[in-house]
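Hi there,

Here is the structure I promised to pass on. Have a look at it first, and then read my notes below.

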Amino acid sequence: MPLTPEIPQTLELRNYQKEAVNDWLRVDGHGVFAMATGTGKTLTALVAATQVALHCAERNRPLLVLVIVPLLDLVEQWRRDAEWFQFRPAICHGNMSSKNKQDLKSAFSAARSTYGKRTEMIITTAGSLTPLGGKSRQEHFLQRQLSRHTGSLLVIGDEMH
């Protein structure tokens, strides 16, 4: 499996999706895809993330993509779609197995490299991203890992409303 994603050959974006990605890239990756339900926001975001990943790879810089979703069922949807683009997502949610935690550690470690043509992706729920019960950032695994990351970071927030 490649270390950088690629746009699937069978993917056919609609014109408004292409325009959204191009507009977003034109403003240096800032902004929101304000698209109605069922119009392909996830695939549009994955195309944009792939473009950023390829840009970083051209400069021999690793990229960490953090996808934040509100619900556990969206974690699985994003995982399936991301794998279609050849991302290797690490998953983070409240019921993390020891394998999930090891995958997260590996993703963060690889993304911390100063050089390399690689993209790491972490898909998490909003609840897993935010420390609960008064935990400080230092006590919270995901927050602690994020605070140590100094490289390129792309954050995708799904269902931001």
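**Aromatic residues, a buried histidine and a helix pair**

Trp84 is partly exposed, as its relative accessible area is 36%. Please keep in mind that this is a predicted model. Phe85, by contrast, is buried, with a relative accessibility of 0%. I mention Trp84 and Phe85 together because their rings form an edge-to-face pair: the centres are 5.8 Å apart and the planes stand at 85°, where anything over 60 degrees counts as edge-to-face. Searching the whole structure turns up two aromatic pairs, and the rings of Trp84 and Phe85 make one of them.

Next, a loop residue. His93 sits in the loop between β2 (89-92) and α4. His93 counts as buried because its relative accessibility is 16%, and the cut-off for buried is under 20%. Beyond its neighbours within four places in sequence, His93 is in contact with Leu72, Thr125 and Ser128.

On to the helices. Helix α4 (residues 98-111) and helix α6 (residues 141-148) have axes that come within 11 Å and cross at roughly 10°. That angle makes α4 roughly parallel to α6, since angles under 35 degrees fall in that class. On the α4 side, the contact is made by Lys101, Leu104, Lys105 and Phe108, and on the α6 side by Phe141, Leu142, Gln145 and Leu146. Sorted by class, the contact of α4 with α6 has five nonpolar, one polar and two charged residues.

Happy to talk any of this over.

Best wishes

Methods:
Residues are numbered from 1 along each chain as its sequence is written. This is a predicted model: local features need pLDDT of at least 70, side-chain atom pairs count only at pLDDT 80 or more; totals for chains, interfaces and linings use all residues. Side-chain values use heavy atoms; hydrogens and water are left out. Axes are lines fitted to C-alpha atoms, for helices over the stretch in contact, and angles run from 0 to 180 degrees between N-to-C directions. Helices (H or I, at least four residues) and strands (E, at least two) are DSSP runs, numbered from the N terminus. Angles under 35 degrees count as roughly parallel, over 145 as roughly antiparallel, 65 to 115 as roughly perpendicular and the rest as oblique. Contact means heavy atoms within 4.5 Å. Ala, Val, Leu, Ile, Met, Phe, Trp, Tyr, Cys and Pro count as nonpolar, Asp, Glu, Lys and Arg as charged, and the others, Gly among them, as polar. Buried means under 20% relative accessible area, exposed over 50%, partly exposed in between (1.4 Å probe, protein chains only). Rings of Phe, Tyr and Trp (its six-membered ring) pair if their centres lie within 6.5 Å; planes under 30 degrees apart count as stacked, over 60 as edge-to-face and the rest as tilted.
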